[in-house]
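Open the model in your viewer and keep the sequence panel beside it. This tour goes one selection at a time.

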Amino acid sequence: MVNENRLSQVEPDFPHPDTEGEPFYALVEVLNGNPTGFMESHTHNGKAIPVLFVFKDLAEKTKEARGQRYSNYYPAGVKRIWLEEHLLQTVDEFLLVMAGDGNKGAFIIVKSQYALDVIKSRS
């Protein structure tokens, strides 16, 4: 499902391995203890879209399955404020992994506008 494409998103509240996911997790590249601004992405309809996980252990299993090429990637909590104010404002859609073992899983492609509408309806 996931390929080598990366999405560069360097903004305030960028996902960090020390952050609890509210509501999701991502795999982000970390060097010298700091996120570089790269997160795992997937090519969909010719565009790189971010990959988000509903549980931290799903992100961990995916990292393990990717092996050495993901040695600098770590599960990082996605803060709701970053999701709403940055990510969903800059991408049209994202891949949400809901279950799996690192190599196979259940996922959906979510339209960013739909996610924003759901978040607003629950606020």
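Here, a residue is buried if its relative accessible area is under 20%, and exposed if that area is over 50%. Keep in mind that this is a predicted model.

**Stop 1: helix α3.** Select residues 112-121, which form helix α3. Which residues of α3 are buried? They are S112, A115, L116 and I119. Now look down the axis of α3: its buried residues fall within an arc of 100°, so they line one face of the helix. Turn to the face pointing away from that buried side. There you find the exposed residues Y114 and S121.

**Stop 2: helix α2.** Color W82, L83, H86, L87 and L88, the buried residues of α2. What do they pack against? Show the strands β2 (24-31), β3 (34-44), β4 (47-53), β5 (73-78) and β6, then bring back helix α3. The buried residues of α2 pack against each of these.

**Stop 3: E93.** Move to strand β6 and pick E93. Is E93 buried or exposed? Its relative accessibility is 6%, so E93 counts as buried. Next, display the side chain of K111. A polar contact of 3.1 Å links it to the side chain of E93.

Finally, show the neighbors of E93. Leaving out residues up to four places away in sequence, E93 touches H44, N45, I49, P50, I109, V110, K111 and S112. S112 takes you back to α3, where it is one of the buried residues.

Definitions and conventions:
Residues numbered from 1 in each chain as written. Predicted model: local features only at pLDDT ≥ 70, side-chain atom pairs only at ≥ 80, totals over all residues. Heavy atoms only, no water. Buried < 20%, exposed > 50% of the residue type's maximum accessible area, 1.4 Å probe, protein only. Helix = DSSP H or I, 4+ residues; strand = E, 2+ residues; numbered from the N terminus. Arc of directions from axis to C-beta. Contact = heavy atoms within 4.5 Å. Polar contact = N/O pair within 3.5 Å; in protein donor to acceptor, adjacent residues only side chain to side chain.
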